[in-house]
Amino acid sequence: MYEAILIAGFGGQGVLSTGQLLAYAGMLEGKHVSWIPSYGPEMRGGTANCGVTISDSPISSPVVTEPTSLIVMNRPSLEKFEGNVVPGGLILINSSLVDIKATRKDVRVYYIPANELAEELGNARVAGNVILGALLELTRAVSLDAVEKSLREVLPAHRHKLIPLNRQALETGAALVRRPATAQAG
Amino acid sequence: MKKVFTRPRSLKDIPTHYCPGCTHGIVHRLVAEVIDELEIFDRTIGVAPVGCSVFAYNYFDCDMFQASHGRAPAVATGIKRVLPDRVVFTYQGDGDLAAIGTGEIVHAAARGEKFTVIFINNAIYAMTGGQMAPTTLLGQKTTTTPYGRDKEVNGYPVKVAEMLSVLDGTAYVARVSVHDPAHVVKAKKAIKRAFEVQLANLGFSIVEVLSACPTNWGLPPAEALKWLAENMIPYYPLGEYKKPAEVG
Amino acid sequence: MAKILMKGNEAIGEGAVRAGCRYFFGYPITPQSELPHYLAKRLPEVGGVYLQSESETGAINMVYGAAGAGARVMTSSSGPGISLMQEGISYLAGAELPCVIVNMIRGGPGLGNIAPAQSDYFQATKGGGHGDYRVIVLAPASVQEIIDLMRVAFDLADRYRNPVMVAGDGILGQMMEPVELGEEEEIQIPPRPWAATGRMGGEKKLINSLYIVPEELEQHNLKLARKYALITEREQRWEEYRLGGAKLVLVAFGTAARICKAVVDRCREEGLAVGLIRPITLWPFPQKAFEPVIEEAERFLVVEMNLGQMVEDVRLTVNGRRPVHFYGRCGGMLPVAADVVREVKKLYGGEGQ
């Protein structure tokens, strides 16, 4: 198993923390993981992205230049990274925020209205986890249980009450891509 | 027979390299006498600068550091942060402290580092051949101001004691002179207070000592002392610019 | 003990604390700021001192003072700040003071940028400051290795009374990987009878790099040279990756070496006999790593995040016996595995230059 996942969006969308959560879950499952952010001024206001690698064997390069999966949280990120995804790879687009379509024909593309779904669950801030749930359903990179366990370890105790909501968000995303009709597979 | 004059324990019994009439020797002796009198010789660490007093580490018999040009206050900061129960002093000239080392001295003072600075102001760069110092007086001739220091070209002399005294981190700031015996006695008092302030953990202490450089001023020693009194003191007024209530 | 996910810059801090370092003096600069942030919190917890200096010049001279006073001490910075420290590093080497200096290298020259680079290799390994001196340079390539090498760095500094530089880059500092910290050990810092801590009834001690008499400075230089020869003999470190039967040997350190491991894997999958030598000590350069492979290796390809610096040491080592090629990206751009694979294929099996 080797998954090199690039998560890209605006600063402030929780892109970096979603990636850390994923890396943490991989670590809890005993896999080799690495997390690497884009850093510096580009973090502020502009695009933010991070690369997460999850693998059964030691990770040679932590730098995700050819992602097996791409999560896109804004339009500039789609334009910037679409071409880098490996043939046969996966692109997950937050269609609540991105109004254009992917152009690649050699990859699987899913459009997920993550913000709307998150708002239906009562909190727009879990949009990242909706799309993460979809990614995990499609890649099996880590289990939803490992993500929930990671939340328990990374969140301070007073925020543990948010864990059920996050779990719900993950499952909503997972369920959506199990029913391709609603997920608008591209 | 009663001995009335003897070498302080804190000074080594070796000849110095200083020129005839140079006042470094006097100030070395005052610092050494104060260290002896306060009985802190065994726990004192000195930091020597770059400049004429670069070999101060050979003359003071306590543990010594030799610092790079201007950085003695940073070196002393490192020492004192590791060994807060030791007594630490730097000995710096006007090129070292008031030009290249301005950043280090200002911030050590602002942080209230608990060490003592002995600052020798002789209004000239001596070791490198009599060039202009930041403390060179307006009109004063040096090898790099052959027509006299011109404020339009070189700006104004830096008044270190005044400048540092406005920082909240300084606890004791004084300017003294060593041009005659009465002033030497006063200078020693100030140096002793500076060390006492350090011993009482009150903050940063500095004594600026107006000194003579007959060689680079081009004057015989006696006339150099007279020149100091007549020219430097009016521009660099003597006195205690700041002192804590706890001392004298 | 369970693994934890840790950023490289934080791992430097934790590794230092676990190595017994209790003093940090430094000035903020990207991309290493998480390290001072971490130590500003961590050092007071263990009774240490974190002090933000007025400049990098101030920082390295505070290190000089603290090291001379007998402490395990460190500073950290990146390119421009390390340049400012060079005078102090020369003094530390001259006065033979142990300390650790971290350089999370960024793009240069000048203000350059804050993206990852390896363009300070020359500065780190060839002097940087004035005078005939050497600094031991360690180049970790993973967060776990950072933790492990920080201990090595402080121990080497003490063993040889010499500054040690840990050279990383922005990638290594920013990335998170699982690390095993192990049990926190009680560190016994070796006695330092030479430290100037106040005489306390003993002999006078002097921390100094000034030898005004040429005969004396020559003797001091020769003494340093003997020490550097000893370090060169004893302390070369490197990692070998799939070197068995390699016809083309990649040579890369730090982040570039991580990328080259991916290159080796891809090439091996395609049946190309490619391996990697990853220098861990940049100085002393691990010349010993090359002797066993030079018979079988037809050529070497050095990959760096600069325009060709370590390649000179590889050429000195190979000494004309085999062609040594170079591939580099610079300015904060990273070598991409696919591009390096292409470069390998271009060279593989070809005629010697």
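These are my notebook entries on a predicted model.

**Conventions.** I number residues from 1 along each chain as its sequence is written, and chains are lettered from A in the order in which they are written. Local features need pLDDT of at least 70 and side-chain atom pairs count only at pLDDT 80 or more, while totals for chains, interfaces and linings use all residues.

**Chain A.** Chain A has 7 helices and 6 strands. Its radius of gyration, taken over C-alpha atoms, is 15 Å, close to the 16 Å that the globule rule gives for 186 residues, so chain A is as compact as a globular protein of that length. The globule rule is 2.2 Å times the number of residues to the power 0.38.

**Which chains touch.** I took two residues as in contact if their C-beta atoms, placed from the backbone, lie within 7 Å. Of the 2 pairs of chains in contact, B and C share the most contacts. No contact joins chains A and B, and their closest C-alpha atoms lie 28 Å apart.

**Chains B and C.** I found 35 residues of chain C in contact with 28 residues of chain B. On the chain C side, the largest share, 9 residues, comes from H3(C).

I then looked up the strands here, where pairing needs at least two DSSP bridges. Strand S2 of chain B (residues 63-66) pairs with S9(C) in the parallel sense over 2 bridges. B:Met64 stands opposite C:Leu206 in S9(C).

Definitions and conventions: Helices (H or I, at least four residues) and strands (E, at least two) are DSSP runs, numbered from the N terminus.
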